[in-house]
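Subject: Structure for your review

Dear colleague,

I am handing over the structure below, together with an account of what was found in it. Please read the notes beside the coordinates.

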Amino acid sequence: MALRDDLIRQNAMMVECATMENEKVYKNLIDLKEQSSYFSLIVIHSEDRQKEK
């Protein structure tokens, strides 16, 4: 999937069902093997923040 590949290149992370009992945190979207919940948050650091690493 093109969007997923682009997010992986940007080192995006995802939280699924945040603060809920079934919360899942994906620090690397390569680990995402299944379809995510409709209640998911994707975090992408700004380019400046990525350069700090």
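Contact, as the word is used here, means heavy atoms within 4.5 Å. This is a predicted model, in which local features need pLDDT of at least 70 and side-chain atom pairs count only at pLDDT 80 or more, whereas totals for chains, interfaces and linings use all residues. Residues are numbered from 1 along each chain as its sequence is written, and side-chain values use heavy atoms, with hydrogens and water left out.

Leaving aside neighbours within four places in sequence, Met14 is in contact with Lys24, Val25, Tyr26, Leu29, Leu32, Ser36, Ser40, Leu41 and Ile42. Met14 also belongs to the largest nonpolar core, whose 6 residues are Leu7, Ala12, Met14, Tyr26, Leu29 and Leu32; such a core is a set of buried Ala, Val, Leu, Ile, Met, Phe, Trp, Tyr and Cys residues joined through side-chain atoms within 4.5 Å. Buried means under 20% relative accessible area, exposed means over 50%, and partly exposed lies in between (1.4 Å probe, protein chains only).

The sheet is open and consists of 3 strands in the order β2-β1-β3, with antiparallel pairing. Strands β2 (24-26) and β3 stand at the edges with a single partner strand each, so one side of each has no neighbour in the sheet. On average, and with direction ignored, neighbouring strands of this sheet are turned by 10 degrees against each other, where axes are lines fitted to C-alpha atoms, for helices over the stretch in contact, and angles run from 0 to 180 degrees between N-to-C directions. Strand β1 (residues 13-16) is joined to β2 by 3 bridges, given that two strands pair if DSSP finds at least two bridges between them, and Met14 stands opposite Tyr26 in β2. Helices (H or I, at least four residues) and strands (E, at least two) are DSSP runs, numbered from the N terminus.

Ser40 lies in strand β3 (residues 40-43) and counts as partly exposed because its relative accessibility is 29%. Not counting residues up to four places away in sequence, Ser40 touches Met14, Val15 and Glu16, while Ser40 and Lys24, 16 residues apart in sequence, are 9.3 Å apart in space, C-alpha to C-alpha.

Finally, the structure holds 1 salt bridge, that is, a side-chain nitrogen of Lys or Arg within 4 Å of a carboxyl oxygen of Asp or Glu. The side chains of Asp6 and Arg9 meet in this salt bridge at 3.6 Å, N to O, and both residues lie in helix α1 (residues 2-9), 3 residues apart, about one turn of the helix. Asp6 is partly exposed at 31% relative accessibility, whereas Arg9 is exposed, with a relative accessible area of 59%.

Best regards
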